[in-house]
Amino acid sequence: MNNIFPYKEFESPIDDQICKDYKTKYANSSIPIIIDNGSYQCRAGFANDISPKLIFRSLVGKIKSTSSPIVGNSLKEGDISRLTIKSPFDSNLLVHPPSQESIFDYIFHKFGIESEIENPVLITEPTSNPTFCRKYMSELLFECYNIKSVVYGIDSLFSFYGQREQFKDGGKNALIIGSSFNTTHIYNVQNYNVSHQQTKRINIGGGASTDYLRKLIHLKYPKHKSYFTQNYTNKIKEEHCYVSQGQYTEELKEFENDQLAKEKSVIIQLPYQEIDFEKLEEERQRKIQNRKDLGAKLRELADKKRLEKKTELEDKLASLESILALKITNIEEFQQTLKSKSYSNEKDLIRDIDDLKDKLFGKKKESEQVEDTEEFPLLFIADTELNADQLKEKKKQKQLKSMKDGRLAQKRKRDEEKEKEKEKEEERDRQEEESFLKDPEHYLKDLHSRKSKILEKREARQKQKQKSVVVQRNSRLRSIVNPTNHGSYGDKGEEVEDPEEAEESREMAILDKLLNKFDPTSISSAIVNHDDQFPIGEYHTAEDYQVSLGVERIKCPETLFQPKAIIGMDQMGLVEAIISSILSQLPVDSRKLVTENIFLTGGNVNTKHFKDRIHYEIQQIREPHSPLSILKSKDSQLDAWLGARKWCSDNQDNWSNVSISKQEYQEKGYDYIKSHFASNLSLN
């Protein structure tokens with residue numbers, strides 16, 4: 001299908017090379033170093049270069065707080081997860097000078113500057129940059145790097161400056177919309193001068209839509225979170241998301257139609273291992289046959305064991321009976337044989353013979369009467385035939401006989417219960433074996449299912465117990481804090497075995513025994529594997545590894561136009577800010593002039609149909625057939641640097657009037673700046 005796109009890992013940039021011709025080509029006080037110090041990306045180069053030498057993310061990574069920083073393109077995508085990442089910026093404001101210093105070290109090192117920096121510096125800063133942020137920057141540049149002079153300017157205005165020849169009247173009156181990663185600014189240009197009092201800032205940029213898209217994907221496809229890193233999500237947003245060209249609500253309704261939604265959706269095909277179902281079926285049949293063979297082998301082994309045991313018992317019985325026969329033929333040899341076989345008397349030998357006959361034939365010999373006659377002889381003699389001492393002894397024997405009868409009765413009862421339990425177990429084993437032979441695959445699946453249910457019950461019960469422990473602990477803590485609270489701290493209650501748990505344990509033991517017997521190759525832990533992404537019995541297919549982007553394609557970029565409705569951020573939408581804060585404040589003539597010169601810059605304006613949406617929205621408030629012209633920068637990411645390069649070329653002879661020297665910094669303080677077209681200080 002045309003709307004399926006393969007997953008491609010985010011490629012880390014190539015390491016930057018150190019410039020080897022700095023001293024011969026660039027070490028000159030008339031060649032400024034231009035640094036477009038963006039909060040998302042930094043671009044740095046010399047004013048006589050066609051393009052910046054360095055382009056890298058404005059991030060600094062460290063393994064430990066004391067380790068050397070990793071900056072720029074040395075920071076690889078695979079290393080981000082194991083590093084502590086820090087940005088010099090909060091939104092687009094400089095708040096962490098040490099990270100900015102690491103970025104400057106990286107820039108000057110890659111430029112090949114080994115000693116003093118002879119070049120002046122032009123560096124971009126945010127609109128209405130707070131004084132303390134400029135203080136950090138000036139202290140770094142003048143006191144740490146000892147530069148000669150610096151020019152501060154706004155990136156969007158440099159971008160406009162570099163392309164203003166394309167506008168009517170050279171951009172005398174214009175509206176500049178600069179949408180970057182963290183913020184969006186709207187500038188009103190009147191008579192070649194930016195009116196900073198009317199500049200509008202919105203704390204929404206491309207980063208907000210990237211974060212929103214990532215959250216939506218993680219919520220929709222939680223099993224595939226690891227694929228969608230910040231950088232990769234930003235990449236697919238740039239490739240597949242677009243701004244609604246007309247009314248957002250109308251296009252949103254199109255996704256309610258299944259056919260239209262399918263046509264408008266794109267699918268990211270994640271990597272997966274394709275299943276050969278023919279081989280899978282062959283393997284399944286082979287396992288079934290193996291289980292049948294194993295069952296037959298187990299039965300054969302069981303029969304062989306029973307036969308061996310029976311033969312062994314018969315041999316032992318014959319041996320013991322031959323010893324008993326010696327009593328008739330040779331009494332002395334009989335006594336010696338008893339001693340050699342560790343029998344204390346003939347009675348023990350007869351007991352063993354009876355036990356063997358019970359095991360072999362299942363018949364019990366009633367010898368209790370004989371034993372009683374031998375053990376309690378006075379009980380079988382009439383009282384008239386006994387003297388006084390014998391009567392007393394007879395009374396004792398009666399008590400002993402009564403106690404013995406009680407013990408024998410209990411023993412018989414226990415033996416009967418054991419016999420019944422054994423019969424039940426044998427019957428259950430026979431039924432289980434028949435079920436296995438009838439359908440091995442279904443039988444084993446049922447065993448696994450029963451075991452899974454027991455494990456799930458145990459897990460749920462364990463969670464409930466943990467909650468109870470927390471409640472009891474909190475109760476004890478409250479009793480310590482509040483002495484009036486009744487109850488003893490050490491009173492934990494007695495552990496009472498739950499009958500249901502005992503029954504489950506017995507059932508689990510039976511299941512483990514059956515699984516060991518009929519499926520010994522299985523691993524118990526594999527039955528409930530929490531790392532598996534799919535249930536047992538299902539197989540991974542291409543559809544299981546597909547991520548569909550439907551309404552998300554237009555919903556995420558719409559955050560810039562409707563931030564409160566979509567992500568709950570209390571900010572004006574872009575169009576609302578343009579109309580209410582700027583266009584509605586201008587006279588009709590001025591409004592007509594600026595709408596003929598609308599300029600779009602910044603990385604976020606590269607979103608598909610961004611220009612068309614702005615054209616549609618502004619056209620709604622313009623008079624019919626009135627001229628409306630919107631120009632998007634040629635390269636929104638590099639135009640600020642290229643515009644700054646053009647500005648440096650045009651102001652080369654006027655550098656001292658627009659730049660701040662180190663002497664002026666020392667005399668007038670860190671908050672001193674000079675006015676020029678791109679400055680934060682408006683021209684008078």
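I'll go through some aromatic rings first, and then a few strands.

Quick housekeeping. This is a predicted model, so local features need pLDDT of at least 70 and side-chain atom pairs count only at pLDDT 80 or more, while totals for chains, interfaces and linings use all residues. Residues are numbered from 1 along each chain as its sequence is written, and side-chain values use heavy atoms, with hydrogens and water left out.

The structure holds 22 aromatic pairs. For a pair, rings of Phe, Tyr or Trp (its six-membered ring) need centres within 6.5 Å; planes under 30 degrees apart are called stacked, over 60 edge-to-face, and the rest tilted. Take Tyr26 and Phe46: their ring centres are 4.0 Å apart and the planes sit at 10°, so that pair is stacked. Tyr26 is in helix H1 (residues 22-26) and Phe46 in strand E3 (residues 41-46), so the pair ties together parts that are 20 residues apart in sequence. By the way, helices (H or I, at least four residues) and strands (E, at least two) are DSSP runs, numbered from the N terminus.

Are these two buried or exposed? Tyr26 has 1% relative accessibility and counts as buried, and Phe46, at 0%, counts as buried too. Buried means under 20% relative accessible area, exposed over 50%, and partly exposed in between, with a 1.4 Å probe and protein chains only.

Elsewhere, ring pairs link Phe160, Tyr161, Phe167, Phe599 and Phe677 into a cluster. The charged end of Arg164 sits over the Phe677 ring, 5.7 Å from its centre. That label needs NZ of Lys or CZ of Arg within 6 Å of the ring centre and within 35 degrees of the ring normal.

Now, strands. E3 pairs with E4 in the antiparallel sense over 4 bridges; two strands pair if DSSP finds at least two bridges between them. Ala44 has Leu54 in E4 as its bridge partner. E4 (residues 54-57) has a covered face with Leu54 and Phe56, and an uncovered one with Ile55 and Arg57.

And what about strand E11 (residues 149-154)? There, 6 of the 6 residues are buried, so E11 is largely enclosed by the rest of the structure. Strand E10 (residues 121-125) pairs with E11 in the parallel sense over 5 bridges. On its other pairing, E11 goes antiparallel with strand E20 (residues 660-661), over 2 bridges, and Val150 has Ile660 as its bridge partner there.

That's my tour, thanks!
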